[in-house]
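The structure is shown first.

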Amino acid sequence: MSEVTLRVNGETHALDVDPATPLLYVLRNDLGFRGPRFGCGLGQCGTCTVLMDGRAIRSCMRPVSRAEGEITTLEGLSADGELDPVQQAWIDEQVPQCGYCQNGQILTAKALLDRNPDPSDEEIRQGMNGALCRCMTYYRIQSAVRRASEAMANGASGANGADAASGAGGAGREVDR
Amino acid sequence: MKRPAELSPRLEDALARWEGSTSRRDFLKTSGIFVLGFSGVGGIGVAGLGRDGSGGPGEANPYPDPDFLQLDSWLVVHEDGTATFYVGKTDGGQGTGTAMRQMMCDELDLAYDRATLVMGRTDMTVDQGGSGGSDAIERDALPARRVAAEARRVLLELASERFQVPVDDLTVSEGVISVASDPARTATYGELIGGRRFDVALTGRNVNETTGLASVKPMQELKIVGRSVPRYDIPAKVDGSLEWAVDVKLPGMVHARNVRPPFAGARLVSLDESSVRGIPGFIRVFREGNYVAVVCEREEQAIQAAESLAVEWEKPETAPFPPSEDLFDYMRGATPVGAGTGSSPRPREEGDPDAALADAATVVEAAYDIPFQGHTAIGPAHAVADPSDGQMTVYTNDMKPYSHRTGIAEFLGMPPEQVRVIWMEGPQLYGRTAADDAGFEAAYLARELGRPLRMQWMRHEETAWDTKGPAFAIDLRGGLDEAGNAVALDYRARIANYAHVGYNQADTVLIAQLMGIRPERPAPGGGRGPDEMYHIPNRRDETRAVRFPLAFETPLRTGNLRDPNGPQTAFAGESFIDEMAAAANADPVEFRLRLLRGTTEDDATFRRARSIAVVEAAAEAYGWDARPSPRAPGDGRTLTGRGISYAYRIQTTVATIAEVEVDRETGRVWVRRMVCAHDCGLVINPDGLENTIQGNLLHGISRTLFEEIRFDGEKVTSVDWRTHPTLTHRDAPEQIDIVIVNGDPNPDRPDLPHYGAGEPSHRTVPAAVANAIHDATGVRMRRIPLRPERVLEELAAAGI
């Protein structure tokens with residue numbers, strides 16, 4: 001065991017763990033984050049994705065001692081209760097089915113759009129390709145990436161429809177896809 | 001540093017409603033069902049208490065079943081006029097919960113956002129069996145609708161008493177009852193019953209028949225049903241706040257990992273615990289028969305210990321199964337299960353298929369092969385078990401929490417009343433979690449150790465050892481008369497499905513098998529041919545099970561995989577119908593319609609008429625150009641074609657058209673466009689239905705193009721996403737058009753039932769894709785999956 005310092009979602013944590021411990025288990029079990037999840041432990045599926053200095057990395061393969069930059073988890077994407085445009089697009093497109101992989105899908109999309117704010121359909125396919133989904137929600141994910149790209153181009157910084165699930169009236173708000 | 005365990009937003013919400021209720025204590029004291037409260041032990045803090053409200057940790061039988069014949073078991077109205085519904089189903093991400101809530105709100109006359117829904121907790125929700133067979137909307141929503149309608153009826157009676165007016169003089173809107181003749185006089189549901197029991201007995205011989213005195217509304221009066229209400233579970237899945245079963249943390253909880261036999265049927269000779277004793281946090285190695293697990297304080301320590309444990313295994317004397325290259329020859333050559341014992345199933349026959357084939361002008365023959373396919377869930381199996389106070393609580397994503405509870409109770413030798421299972425969200429379900437091995441393992445180890453314990457499988461373990469959809473070898477013969485009409489169809493299948501596992505059975509889950517426990521009567525593993533409504537006068541349909549030398553402790557354990565047997569049988573059936581159409585020089589759509597219209601006999605649900613409707617709707621939406629297949633392949637690198645496939649599943653009818661591009665240099669197949677015409681009766685949530693169908697179609701493409709569990713003569717060799725490829729972003733179609741056909745061909749029927757949609761479209765995909773490849777190239781692909789190397793081989797063999 002030794003002292004490891006980690007910066008996650010703007011907070012600094014000092015931890016007494018084996019420095020070889022994969023970042024995933026520290027985030028989940030020591031710091032209580034739920035966004036990154038175990039999928040393969042091999043860096044093949046993307047379920048454990050977090051951002052490190054804005055780049056999507058696989059936390060299952062990264063020793064905590066080598067998590068040197070600013071880590072952002074899914075929880076860290078929304079600020080002051082305001083969702084990131086990518087998250088809002090995921091709600092507007094009603095993307096998830098089981099949702100287990102969507103942490104990796106959303107963060108991969110976030111890193112892609114920060115790098116390339118207006119990707120072509122082909123660039124979306126290529127940029128998202130390493131994030132696997134076994135409910136096969138790829139079709140809606142790709143629509144959501146396009147929607148987020150448009151929202152960001154129109155100056156959206158966050159959400160205005162975060163109450164989508166609660167519904168506005170008797171029948172509830174309807175999906176507008 | 002540890003955070004206090006937090007409740008899932010949904011449970012928190014349900015609890016907050018109880019905490020805010022002033023009459024809660026009274027409710028607890030008199031409740032005939034269950035109550036909610038914070039337990040003294042455990043971080044999750046949701047404890048089911050006894051029928052008299054006095055139960056709790058340490059009680060002998062603290063977890064009785066909610067009584068489905070009590071209205072209070074299904075529905076509670078709170079003082080603020082909101083309601084909580086309790087249903088015994090689970091949601092695999094297809095929006096089952098949202099749809100149930102829409103239907104119950106509609107029957108109760110309550111705004112959608114004024115209700116919450118609790119699912120799949122054995123101590124809180126009535127036993128509706130959990131999920132399976134896409135039956136939540138088709139079957140289990142009916143009692144849920146009826147009890148909500150009954151609650152509305154009782155509330156109207158209460159208002160009638162309060163206002164001293166007949167019920168006929170009352171109107172209801174969104175939880176407020178008014179006197180029609182004096183609209184100033186109103187009462188909310190909360191004022192009438194908030195926080196108190198209904199104390200209304202229901203009737204019904206079983207949970208499916210549960211009913212009160214009220215009738216459900218005619219479909220014309222449903223206002224929330226039929227609308228695309230956003231799914232309530234999505235925001236918490238998108239912002240990271242949802243507590244999943246993988247997230248459960250309890251004070252003192254430890255971590256376990258399994259150590260699987262490296263060879264199928266291997267016998268454990270010895271293990272050396274000293275090989276892992278030095279690992280920090282090491283607690284214990286468990287061994288019982290060939291079942292081995294390690295337990296450590298931290299998760300990464302348990303992973304390291306499982307990888308490091310020195311175990312000596314002995315291979316079985318007989319090869320457990322053939323290598324996957326020889327699978328289909330083996331299956332065709334094997335003696336079927338039960339052969340010669342008089343117990344083997346008889347083929348279903350109509351007319352005289354052999355005579356009709358002998359007299360046919362043209363006979364078509366073809367053989368189709370479908371390998372074992374896995375669930376290979378994106379997140380490996382997992383569960384947390386808490387053995388505190390001599391009880392057992394299991395937190396799981398098992399889709400059938402009720403059989404999980406009884407199975408675990410039987411496995412541990414505990415009375416079911418001392419076991420409860422709490423369903424939480426997890427990675428898909430699709431049948432994998434109908435026999436959730438990890439929950440049994442976690443409960444066993446937690447009880448042995450006396451501490452809360454979390455089990456999760458590793459990737460190689462999940463891909464190799466999860467339950468498999470069975471392999472099929474299918475031989476078909478068809479006869480055409482001079483005019484190109486189908487006069488005979490002979491379907492003979494072999495299915496590798498012996499000892500198919502049941503739902504959470506204490507003698508078929510993997511830990512039981514590895515411990516040497518065997519079921520008294522293993523499932524013989526039958527099957528039947530494709531589900532279609534074609535009129536062909538002479539038919540035979542025969543499916544025989546075959547088995548391998550190793551029937552237990554095998555990674556080729558078969559279980560239910562989404563739409564069990566549907567994709568396999570429909571791949572053969574609908575490919576072969578296309579082969580017959582080609583032999584008759586007929587357009588594939590026209591040929592199918594001719595077979596569907598071949599009789600005027602109809603069935604109670606108008607399945608034949610609805611079959612015709614979906615085939616026509618798909619062709620119209622696609623812009624189908626009628627001509628025989630194949631088209632003349634062009635000279636370019638990319639060949640394009642389209643194929644159709646039709647099927648029904650229970651009462652739902654589907655027709656799917658796939659348009660493919662085949663790259664003749666790489667062999668890559670891309671399904672560029674899909675059109676799916678779908679009739680599942682009354683639609684509860686159109687957008688949810690569309691999402692569900694899209695998932696079915698893409699999952700179908702994945703199984704068609706990529707998925708195969710491979711093995712050598714001693715072990716499964718598909719162990720990760722490299723050795724077991726799946727559909728990726730670059731393979732997703734560019735365009736998917738879903739046509740919701742749903743209409744009732746009988747205008748006189750008072751109501752339109754709601755049928756299942758979680759699986760039917762899945763089965764149409766493999767043949768639609770294979771038929772499209774044939775249309776594009778003239779090459780008939782008869783063995784799944786259609787990976788590039790196999791497509792190249794077939795193209796080369798055909799000189800394309």
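In this predicted model, buried residues make up 57% of the 177 residues in chain A. Chain A contains 6 helices and 5 strands, arranged along the sequence as β-β-α-β-β-β-α-α-α-α-α. Of the contacts in chain A with a separation of 6 or more, 61% are between residues 24 or more positions apart.

Chain B holds an open sheet of 5 strands with mixed pairing, in the order β12-β22-β21-β20-β13. Because β12 and β13 of chain B each have a single partner strand, they stand at the edges, and one side of each is left without a neighbour in the sheet. From one strand to the next, the twist averages 10°. Helix α14 of chain B packs on the sheet, where it touches β13, β20 and β21 of chain B. The direction of this helix makes about 150° with that of β13(B).

| Strand (chain B) | Residues |
|---|---|
| β12 | 348-350 |
| β13 | 362-370 |
| β20 | 471-480 |
| β21 | 486-496 |

Strands β13(B) and β20 of chain B run antiparallel and are joined by 9 bridges. Opposite B:Ala367 stands B:Asp475 in β20(B).

The largest nonpolar core has 275 residues, of which B:Val294, B:Ala442, B:Leu453, B:Val614, B:Ala618, B:Val769 and B:Ile773 touch the most other members. Helix α4 of chain B (residues 136-163) gives the largest share of this core, 10 residues. Leaving aside residues up to four places away in sequence, B:Val769 touches B:Gly643, B:Ala658, B:Val660, B:Val671, B:Ile701 and B:Thr704.

Methods: Residues numbered from 1 in each chain as written. Chains lettered and ligands numbered in written order. Predicted model: local features only at pLDDT ≥ 70, side-chain atom pairs only at ≥ 80, totals over all residues. Core = buried A, V, L, I, M, F, W, Y, C linked by C-beta atoms within 7 Å. Buried ≥ 20, exposed ≤ 12 C-beta atoms within 10 Å, placed from the backbone. Helix = DSSP H or I, 4+ residues; strand = E, 2+ residues; numbered from the N terminus. Contact = placed C-beta atoms within 7 Å. Pairing = 2+ DSSP bridges. Axes fitted to C-alpha atoms, helices over the stretch in contact; angles between N-to-C directions.
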